Amino acid sequence: MVAAAPNAGKSMFALVYAIKAQVPTLFFSADTDTTTVMMRAAAHSSGHNQMMVEQNLSADSHYYDKHFDRLKHIKWVFDSSPSLDDIELEIKAYVELYGEAPELIVVDNLMNVAAETDNEWA
């Protein structure tokens, strides 16, 4: 579990960890949208800053395709408010599809997981 103040870089840390781990990964990105995650991944994989990534992608939408090869071990779920049942079903689907469980599961951010009760602290 990673905990820190807001905007301390927890999501970026989780993304870089998943990229560097190079193990079968199921990554629930409930806190960050597809575009932002892919821009961050492109920046990390290429060594470019995010502003340069944006400029390069504006000029050529396939500019970073070769860098995304480093992400093939990660399967993404972009559900903004998954329930525990949703997470379980995604894991079961992963096992059904790949014949093995993911070695790494990232849930970014647990606060976005739909609670079973009305109490947000549950």
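A: The largest cavity has a volume of about 40 Å³, a volume being the space filled by probe spheres on grid points joined across faces, edges and corners. The structure is a predicted model, where local features need pLDDT of at least 70, side-chain atom pairs count only at 80 or more, and totals for chains, interfaces and linings use all residues. Residues are numbered from 1 along each chain, and side-chain values use heavy atoms, without hydrogens or water.

Rolling a probe the size of a water molecule over the atoms shows where empty space is left. On a 1 Å grid over the protein atoms alone, a 1.4 Å probe fits in a cavity but cannot get out; a pocket is open, with protein on both sides within 12 Å along at least five of seven lines; lining residues have an atom within 4 Å of a point.

The structure holds 1 cavity of 30 Å³ or more. Its lining is S11, L15, F27, S29, T32, V37, R40 and D108. Helices (H or I, at least four residues) and strands (E, at least two) are DSSP runs, numbered from the N terminus. By type, the lining has 3 nonpolar, 3 polar and 2 charged residues. Here Asp, Glu, Lys and Arg are charged, Ala, Val, Leu, Ile, Met, Phe, Trp, Tyr, Cys and Pro nonpolar, and the others polar.

The axes of α1 and α2 lie 10 Å apart, at an angle of about 60 degrees. That makes α1 oblique to α2. Oblique covers what is left after under 35 (roughly parallel), over 145 (roughly antiparallel) and 65 to 115 degrees (roughly perpendicular).

Next comes the largest pocket, at about 680 Å³. It is lined by 25 residues. V2, K10, V107, D108 and N109 lie nearest its centre. So D108 belongs to the lining of the largest cavity and also to that of the largest pocket. α1 gives the most to the pocket lining, with 6 residues. β3 (104-108) supplies at least two. The pocket lining divides into 16 nonpolar, 5 polar and 4 charged residues.

Finally, look at either side of α1. Most residues other than glycine have a negative phi. N7, in the segment before α1, has a positive phi of about 60 degrees. Q22, in the loop between α1 and β1, has one of about 50 degrees. N7 is exposed, at 81% relative accessible area. Q22 is partly exposed, at 46%. Exposed means over 50%, buried under 20%, and partly exposed in between, with a 1.4 Å probe and protein chains only.

Conventions
Axes are lines fitted to C-alpha atoms, for helices over the stretch in contact, and angles run from 0 to 180 degrees between N-to-C directions.
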